[in-house]
Amino acid sequence: MTATFVLIALVTLGGAIAAMSLRHLVHCALCLVASFGGLAALYLQLDAQFVGLAQILVYIGAVAILIVFAILLTRGSEPPDQPAVTPSWVMGVGIAVLAFSSLAATMVTSFVTQSPAKPKSDVTTDVAVKSIGERLMRDYVLPLEVVALLLTAALIGAVIIAMREEPK
């Protein structure tokens with residue numbers, strides 16, 4: 001493991017843990033952005049430029065910002081303070097540790113992790129990203145525009161619902 005991987009992994013895990021454990025929703029959403037950024041950096045380190053840049057554009061640039069806006073538009077009063085550790089929280093941590101250990105044991109004993117690594121192909125990633133972009137703009141323009149219109153309509157609908165005043 002390289003120092004870069006360890007640093008990116010710590011940022012990703014720290015952001016995810018903070019997003020789950022902080023009390024203020026805005027802080028949780030911003031920590032989720034840090035976790036998404038760490039995932040994008042991991043993808044970029046693995047030479048998956050398209051997936052890394054899509055992670056940045058879609059999740060950080062769209063989903064996380066939409067979550068922050070939704071929190072800020074719909075936030076009424078803050079919830080009452082609750083105790084930090086409850087029995088359901090302890091049970092949730094126990095189930096998470098059990099799920100993680102079973103997944104880790106499966107990955108360690110898998111034949112895929114014990115097979116030798118394949119050599120890198122001669123195809124550069126620039127060509128792959130360029131061909132994906134060309135196909136999106138040539139063959140899939142209509143579905144791309146339909147998805148853009150659908151997301152815009154959903155955002156406008158969310159703002160209208162959030163701004164609607166209830167009768168007194």
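**View 1. Val-51 is partly exposed, with a relative accessibility of 40%.** The model shown here and in the other views is predicted. Val-51 belongs to helix 3. Because its 40% lies between the limits of 20% and 50%, Val-51 is classed as neither buried nor exposed. The residue is also a member of a nonpolar surface patch, shown in the next view.

View 2. At least two patch residues come from each of helix 2 (25–45), helix 3, helix 6 (125–138) and helix 7 (141–163). Helix 6 provides the largest share, with 4 residues.

**View 3. Asp-47 in the loop between helix 2 and helix 3.** Asp-47 is not a glycine, yet its phi is positive, at about 65°. The relative accessibility of Asp-47 is 36%, so this residue is partly exposed.

View 4. Leu-73 and Ala-162 are 89 residues apart along the chain, while their C-alpha atoms are separated by 6.1 Å. Leu-73 has a relative accessible area of 41%, so it counts as partly exposed.

Technical notes: Residues numbered from 1 in each chain as written. Predicted model: local features only at pLDDT ≥ 70, side-chain atom pairs only at ≥ 80, totals over all residues. Heavy atoms only, no water. Buried < 20%, exposed > 50% of the residue type's maximum accessible area, 1.4 Å probe, protein only. Patch = residues over 30% accessible without salt bridge, like charges linked within 9 Å, V, L, I, M, F, W, Y side chains within 5 Å. Areas by Shrake-Rupley, 256 points an atom, 1.4 Å probe, with all protein chains shown as cover. Salt bridge = Lys/Arg side-chain N within 4 Å of Asp/Glu carboxyl O.
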